[in-house]
Amino acid sequence: MENIDNLLVLGATLVLVAIVVMWSVLSFVLNYHWTRYGIEPRQVKKIKQIYLTVSVTLMILMIVSYFSLL
Amino acid sequence: MINLLEEEKIILKKRRHWFILVLEVSPLVIAAFVPPIITAASASLPWVGEIFANFTGIAVFSLFAWWLFLWMILFVVWTNYYLDVIVITNKRIIDIEQLGLFARDVVEVRMENIEDIKTEVLGLIASLLDMGNIHIQTAAESREIIIKNIAGPHSLREVISKCRDEAGNMV
């Protein structure tokens, strides 16, 4: 049972790192696209707020649930 | 951003029909709801409930990670939809096609070079939702421009025709 727990924590760590890296890269790329190619600045600003609010909330929940595993 | 020419003004900006976005987004929404529904349904089974009780923490973590992943994919899909736009000005048509996050195709046609405009609405859903394709034939030897799955193709054709006529009168 302990081995399974250790394995799951290792898996969760890898998933956490992968998601954080992916989120950072993708957020940068999306922000670049919205800023550079977006033709409605007001709409883009609103979308950025929605994207960041929800993703940061999910990120916090994910990190909190990860630490509860340890 | 679009750099406008002298005395140029934007008449209309159009994107693909919202139905296309719904079609692309709906698998993601379904994928978001599947894990909690399966968990809730299977938790009522005694042996699954027992297993789940031992792994609640990892299940909650996986759910948030999955939702965050889907949230990012959702915005990639939305960005492709949002940046895929046709801009009609009094002087030209600019068709911007976002082919992916790192591929972008921009075609520009001056109004006086437009020879022929054809619209097509194919199928029941397209007819009900007023969605279709527009083919713009230009005088130049360049390819025909095809704008697919646009909302209100007939009204868009009328706007383009009017702009073309006005541009033709000015030449």
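Modeller: Two strands count as paired if DSSP finds at least two bridges between them, strands being DSSP runs of E with at least two residues, and helices runs of H or I with at least four, numbered from the N terminus. This is a predicted model: local features need pLDDT of at least 70, side-chain atom pairs pLDDT 80 or more, while totals for chains, interfaces and linings use all residues. Residues run from 1 along each chain, chains are lettered from A and ligands numbered from 1, both in the order written, and side-chain values use heavy atoms, without hydrogens or water.

Colleague: OK, in which sense do E5(B) and strand E6 of chain B pair, and over how many bridges?

Modeller: They're antiparallel, over six bridges, with E6 spanning residues 131–138. Look for B:Lys118: opposite it, in E6(B), is B:His135.

Colleague: What order do the three strands of the open sheet in chain B take?

Modeller: E5-E6-E7, with antiparallel pairing. Strands E5 (114–120) and E7 (145–151) of chain B are at the edges; each has a single partner strand, so one side of each lacks a neighbour in the sheet.

Colleague: Over to chain A. Where is A:Leu69 found?

Modeller: In the segment after helix H2 (41–67) of chain A. A:Leu69 is partly exposed at 21% relative accessible area, the class between buried (under 20%) and exposed (over 50%), using a 1.4 Å probe and protein chains only.

Colleague: And which residues does A:Leu69 touch?

Modeller: Leaving out residues up to four places away in sequence, A:Leu69 touches A:Val9, A:Ala12, B:Gly57, B:Ile58 and B:Phe61, contact meaning heavy atoms within 4.5 Å. From A:Asn31, A:Leu69 is 38 residues away in sequence and 33 Å in space, C-alpha to C-alpha.
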